[in-house]
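My notes follow in the order I looked things up.

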Amino acid sequence: MVARLVIAAPSSGAGKTTVATGLMAAFADRGLAVSPHKVGPDYIDPGYHALATGRPGRNLDAYLCGTELIAPLFAHGARGCELAVVEGVMGLYDGAAGQGELASTAQVAKLLRAPVVLVVDASSQSRSVAALVHGFASWDPEVRIGGVILNKVATDRHERLLREALEESGVPVLGVLRRAPAVETPSRHLGLVPVAERQAEAVDAVRAQAEQVREGCDLDALLALARSAPGLADAPWEPEVAGRPSAGGRVVPTGSASAERMPTTRPVVAVAGGAAFTFSYAEHVELLRAAGAQVVAFDPLRDEQLPDGTAGLVIGGGFPEVYAPELSANESLRKAVAELARSGAPVAAECAGLLYLARSLDGKPMCGVLDADARMTGRLTLGYREAVAVGDSPLAAAGTRMRGHEFHRTVLEPGAGATPAWGMVRPERRVEGFVHQGVHASYLHTHWASRPEVAARFVEACRA
């Protein structure tokens, strides 16, 4: 039994991240073990959540992972915690385009049987706030809105008008927050600036958010609401069970006779990190380790060589376009990556990793593993995708179906190699990415918990 709250809003921009992060930090300051979660594929908000709680921020995405994994993944992340705070995505009822409630905050709240706190931007309304809250509270009777936090309230008089109006709605006001520049987090072309790029400023912002929440919210009432959530019957997701392959490629539980016969060699898998490569899901590293890898982090901005004994390379998403000059200047590492790829070693690259493997990025030399050039554009490519692996690679066998997410303002020319990484089947049909020797490189972000065999396959290829 973990007490839990879902922090939602009528729309994007209402202040969900500020409130959720502030609540996490404020409750952690009280001595509670707080588990942070984020609905959807977002990589950046969980970084602030981790800073607030001291625990990995984890995503709950019903499109990428399936509805059946939401409660188990939640239980896995919240293991040993007293309270979980789940930040929603977009508006409460907004989900995957054209697929009803799928991947919406409302769906995740129902799957977790968690009460919802609605964060309302009250800056341009007074009595109308009651109609707004009433509409959201009554839209889906399975979604339990347990309270409202009013954000960006201007004055004491404004607060009185809002509270009087909401008395008629039957939804209690659990917090009122004034406009406060100190709690704001700067944004750029793909959302908030990640924690890894702000360091001390991010710490100060989270501290200010916690202080604002302490002053403006009824923490005791919010905790009581969280503790009113019923128990969940779902067992926690276990990377050790999900990610251990047998010799025949099946997944077997740790401790079984089959698992005991598995190879004991632990190949080194280097995973890119640092300020340029901040997009990753905690479950990926957990699955790699569960499959038998020794995971070693490295920073392409600082490290001049790959970790000793590197047998495989994982380069996730991030902002290489922001750091293109610095990445290009690290010539020795670029050459080491190219040599590893030429040797046929397994290399899995997503989005930022794809750009880093290209010949150039905005005219700056990159690793040259792929015969393609990347550049920034003004066009945002964004959305969920359904894909099928076109050819065999160390990451996925041909025909493997996965769901993913694209989120970038760059373009790669050409966009696909002789053997593409993926054939997109929804919402549009096209091929994308590159499979060559041991390289699997693509714009598509995937969540390996949905297909743990990809991590096991990758580690087996590294071991071989």
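Predicted model: local features only at pLDDT ≥ 70, side-chain atom pairs only at ≥ 80, totals over all residues.

**Aromatics.** For aromatic pairs I took rings of Phe, Tyr and Trp (its six-membered ring) with centres within 6.5 Å, calling planes under 30 degrees apart stacked, over 60 edge-to-face and the rest tilted. Residues are numbered from 1 along each chain as its sequence is written, and side-chain values use heavy atoms, with hydrogens and water left out.

Searching the whole structure gave me seven aromatic pairs. One of them is Tyr43 with Phe279, which is stacked at 4.9 Å centre to centre with 5 degrees between the planes. I checked where the two sit, taking helices (H or I, at least four residues) and strands (E, at least two) as DSSP runs numbered from the N terminus. Tyr43 is in the loop between strand 2 (34-39) and helix 2 (45-53), and Phe279 is in the loop between strand 10 (268-272) and helix 13 (282-290), so this pair links parts of the chain 236 residues apart.

Tyr43 is buried at 11%, and Phe279 is buried at 5%.

Tyr93 and Trp139 make a tilted pair, 6.4 Å centre to centre and 55 degrees between the planes. Tyr93 lies in the loop between strand 4 (83-87) and helix 5 (105-112) and Trp139 in helix 6 (residues 128-139), so the pair ties together parts 46 residues apart in sequence. Trp139 is exposed, with a relative accessible area of 66%.

I also noted one aromatic cluster, formed by Tyr43, Phe279, Tyr281 and Phe319.

**A charge over a ring.** My test was NZ of Lys or CZ of Arg within 6 Å of the ring centre and within 35 degrees of the ring normal. Arg403 has its charged end over the ring of Tyr63, 4.2 Å from the centre.

**Cores.** I counted a nonpolar core as buried Ala, Val, Leu, Ile, Met, Phe, Trp, Tyr and Cys residues joined through side-chain atoms within 4.5 Å. Which residues touch the most other members of the largest one? They are Leu92, Leu150 and Leu288, in a core of 116 residues. Helix 1 (residues 16-29) gives the most to this core, with seven residues. A second, separate core has 40 residues, including Leu313 and Cys367.

I then listed contacts (heavy atoms within 4.5 Å) for Leu92. Leaving out residues up to four places away in sequence, Leu92 touches, among them, Ala8, Pro10, Val116, Phe136 and Ile145.

**Cysteines.** I looked for disulfides, meaning pairs of cysteine sulfur atoms within 2.5 Å, and the whole structure has zero. Cys65 is buried at 4% relative accessible area. For Cys367 the closest cysteine sulfur is also in Cys351, 15 Å away and too far for a bond. Cys367 is buried too, at 9%.

**Strand 1.** Six of the six residues in strand 1 (residues 3-8) are buried. Ala3, Leu5 and Ile7 point one way, and Arg4, Val6 and Ala8 the other. For pairing I required at least two DSSP bridges between strands. Strand 1 runs parallel to strand 4, with five bridges, and Ala3 has Leu83 as its bridge partner there. Strand 1 also runs parallel to strand 5 (residues 116-121), with three bridges, where Ile7 partners Val117.

Where are the cis peptide bonds I noted? One joins Glu413 and Pro414, with omega about -5 degrees, and another joins Arg426 and Pro427, with omega about 10 degrees. Pro414 is in the loop between strand 17 (401-413) and strand 18 (422-426).

Arg113 is not a glycine, yet it has a positive phi of about 50 degrees. Arg113 is in the loop between helix 5 and strand 5 and is partly exposed at 48%. Pro230 touches Arg113, along with Met1 and Arg4, not counting residues up to four places away in sequence.

Notes
Buried < 20%, exposed > 50% of the residue type's maximum accessible area, 1.4 Å probe, protein only.
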